Amino acid sequence: MEFLSHDILIIGGGLAGLRAAIEAKKSGRDVAILSKVHPLRSHSVAAQGGINAALGNGPAPSKDTWKNHSFDTIKGSDYLADQDAVEVMCREATERVVEMEHWGTLFSRTEDGKIAQRPFGGAGFPRACYAADRTGHSLLHTLYEQVIGLQIPVYEEWVALSLVVDKGRCAGVLGLHFFNGELIPIQAKAVILATGGYGRTYLRSTNAVINTGRGCFLAYQAGVPLEDMEFVQFHPTSLFGTNILITEGARGEGGYLINAKGERFMERYAPHLMELGPRDIVARGAQTEIDQGRGFEGGYVSLDLRHLGREKILDRLPGIRQIAMDFAGMDPILKPIPIQPAQHYSMGGIPTNVDGETQLPGLLAAGECACVSVHGANRLGGNSLLEALVFGERTGRKAAEQVDKVREIPHNTAFQNHLRGFQIGLEEIFERKTEEPSYLIRDEMKTLMASQVGIFRNEPALLSAKEKIKELKKRFLKIGLKQKDLAFNHEAIQYWDLEGMLHLAEAIVEGALARKESRGSHFRVDFPNRDDEHWLRHTLASKTPEGAKLDYKEVTITSYPPKERTY
Amino acid sequence: MKPNLLTLRIQRFHPDHDPPQWIETFQVEIRKGMNLLEALLYIQDEQDGTLSFRYSCRGAVCGSCAMRVNGKDVLACRTHVEDLLEEPVLIEPLPLFPVIRDLIVDLSVFFDHYRKIEPYLQGKPVSPHVEYLMEEQKRKEIDPYINCILCGICFGTCPAFEKDSAFLGPAMLAKAYRFLADPRDRRNDEILKPVNTQQGVWGCKTVFNCVKVCPKEVPPTHGIVKMRGRILRYRLVSIVSRLSSLFSHSNSI
């Protein structure tokens, strides 16, 4: 049996994964990254508007502080975030952002040459540091450059199929080399999951096609419960039709949201902050306008940037101008951009502490696939890139520490048994004769999630979604694979991705059905108010043969007792 | 032919197939606003699960889906199929790279060249707590070169790379220029060393193909010309200083 081994194996080559790799590598450990795409193709590259840090580079006398940032984040989370974790993130934000600048990220500049900051939704200060509107691109390329400098090996276009757990400890993964179809166990003293979100469980999503929540499912399958899965963020401004992201920065720079009657409709939903309300509120506002017939024909509203003028658009928002021209055939300098809300971010994920540790020894997680929880029920724009960097760094550091304590290296038989078990399962799938292709089930699931488990939820819809997911899971178990060779086997990848997404969808639906309140992104029409007495707690969903089983845990409150949330 | 039926002739490659390379025709019913990547994904789902190509962001920022369409190198995701309805479309892998499977090419040489230019900022000393100060004007000057998504399209139409695969290539030379132009990088002219060769800036034919085809409007040739200028200036300065030292030396005799 061919066998690979590293001190630390990181699954995923986006911002969190690369930052963790750099930190672990700098501590002298043997580190490798495994990614199903080349790291530069990771979804972090698509982030546009900015990364939050209380640098205080805005115009005087407004002096921003990390405490302001913490408060905005906690309020934005509708008080579901763990406040100790938020404080860690906001305190370390400046250091992480300045470090990226030192490594070469080409941030936009203020008149005095400092990193420029723009206003973002739900933020009391201009706090989002930006590189025009290609911040994620600039950050990801910078980190990858560092990875090249440190000569960290990357298993490119490999897929992690399962976690190998031996004697209560994560001992590595079973990897698939996609180009030659070989199944190769990779042993590691610490495994870090940094695989991003599960946005593609939804029909309309701003996410890359690859965002199937693989890492969340790997952990779930290995017995780690998933936290707060029902909190799914919908971004108010995705390009109508393709749902490509149009950054919040467009509103940060002063863009207006307009309905078909020509009204700036946010007046109805967030009279003070208007277009710069937090995403959950703005998304509900836009969807309400569309649902109540004040949208444009086809079901969209518009984002008007024309008053910003050509120069500002070209200078600050060149990327979204190019997107609008490439994908909607229109120029935002001349016409308003047609937009609609779409799934954007997964607040839920693998529960970790502030050092990325999960409940399974040897397994850590960082970035969107993790739930620390710093976003609670609604993430603020500019905090996801930050989370990836802050907790990527901390997780890489912690993994390096853990490596020294691992004395016992699991016997090869653990990997051999795991591999054999996997192959037996595979044979069984190969023998199935059902002709139903997996894409039909996938598309039904995505449509279901968007229509029944979307921005507005209610009990009958969630109950029917629950039944439907059960049905889809049954149909899924009959799917066979025609192509037996695992090299370039898209059918098999689709199969495994779908398996994972069905389970994640089930956890989302169960969490949403049980949570009889409205908080942040989770809005129950039948329970429109927040209910702190019963629901100020995190959901934990565990995988059982009967489906997702729910449990709950306390929210950590430090300095900010829950208050009514108005904007 | 129905007006909404798109015919795609796709070049396939599989080492075990006889012959290993062949053309296969697919038909896709198109929707308004559909792009080529969506059409390919549709084929993979519903017609042939073995069709291989790369994809990720579907928004022209990740650089995965570069391929040749009717002789032009493009990103599939930003290619509208409505523009392709006129005639049968020929889709081929990005040229000049070895094909691994169907439309997937081996970009190893591309990223080997990337490593050769040491593509990471080597910063001047600075306090760890504050950012370098940089004028916005300076950022704007570098910005066009930062937009590169390393998709490989510029290599496909580069005559210098076609002639010699050791040629560093437009994207990498643009990257080198990006660090040269960056006031934070302490290397200054050290950056020019790996590019001051026939496989570097001197190999470029200055035909601007890369500038024309870049989906992100990166202008590699402009960077190359600027680097040549810098190198020539240094040569001139060094010749002048050598001459003048000779001159002063002979004077002192």
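**View 1. A:R118 faces A:A128 across a strand pair of chain A.** A:R118 stands opposite A:A128, which belongs to strand 5 of chain A. The model is predicted: local features need pLDDT of at least 70, side-chain atom pairs count only at pLDDT 80 or more, and totals for chains, interfaces and linings use all residues. Residues are numbered from 1 along each chain as its sequence is written, while chains are lettered from A and ligands numbered from 1 in the order in which they are written. Strand 4 and strand 5 (residues 128-129) of chain A pair in the antiparallel sense over two bridges; pairing requires that DSSP finds at least two bridges between the strands. Helices (H or I, at least four residues) and strands (E, at least two) are DSSP runs, numbered from the N terminus. The open sheet has three strands in the order 3-5-4 (chain A), with antiparallel pairing. Its edge strands, strand 3 (51-52) and strand 4 (117-118) of chain A, each pair on one side only.

**View 2. Helix 12 of chain A packs on helix 13 of chain A.** Helix 12 (residues 438-452) and helix 13 (residues 459-476) of chain A pack at an angle of about 170°, with their axes 10 Å apart. Axes are lines fitted to C-alpha atoms, for helices over the stretch in contact, and angles run from 0 to 180 degrees between N-to-C directions. The angle makes helix 12 of chain A roughly antiparallel to helix 13 of chain A (over 145 degrees; under 35 counts as roughly parallel, 65 to 115 as roughly perpendicular and the rest as oblique). Among the residues of helix 12 of chain A that meet helix 13 of chain A are A:I441, A:M445 and A:L448. Contact means that C-beta atoms, placed from the backbone, lie within 7 Å.

**View 3. A:F488 has a positive phi.** The phi of A:F488 is about 50°, although A:F488 is not a glycine. A:F488 lies in the loop between helix 13 and helix 14 (490-514) of chain A. Most residues other than glycine have a negative phi, and most peptide bonds are trans.

**View 4. Cis peptide bonds occur at A:S373 and B:P19.** The bond from A:V372 to A:S373 is cis, with omega near 0°. A:S373 lies in the loop between strand 17 (370-371) and helix 10 (383-405) of chain A. In chain B, a cis peptide bond joins B:D18 and B:P19, with omega about -5°. B:P19 lies in the loop between strand 1 (5-13) and strand 2 (21-29) of chain B.

Notes:
Two residues are in contact if their C-beta atoms, placed from the backbone, lie within 7 Å.
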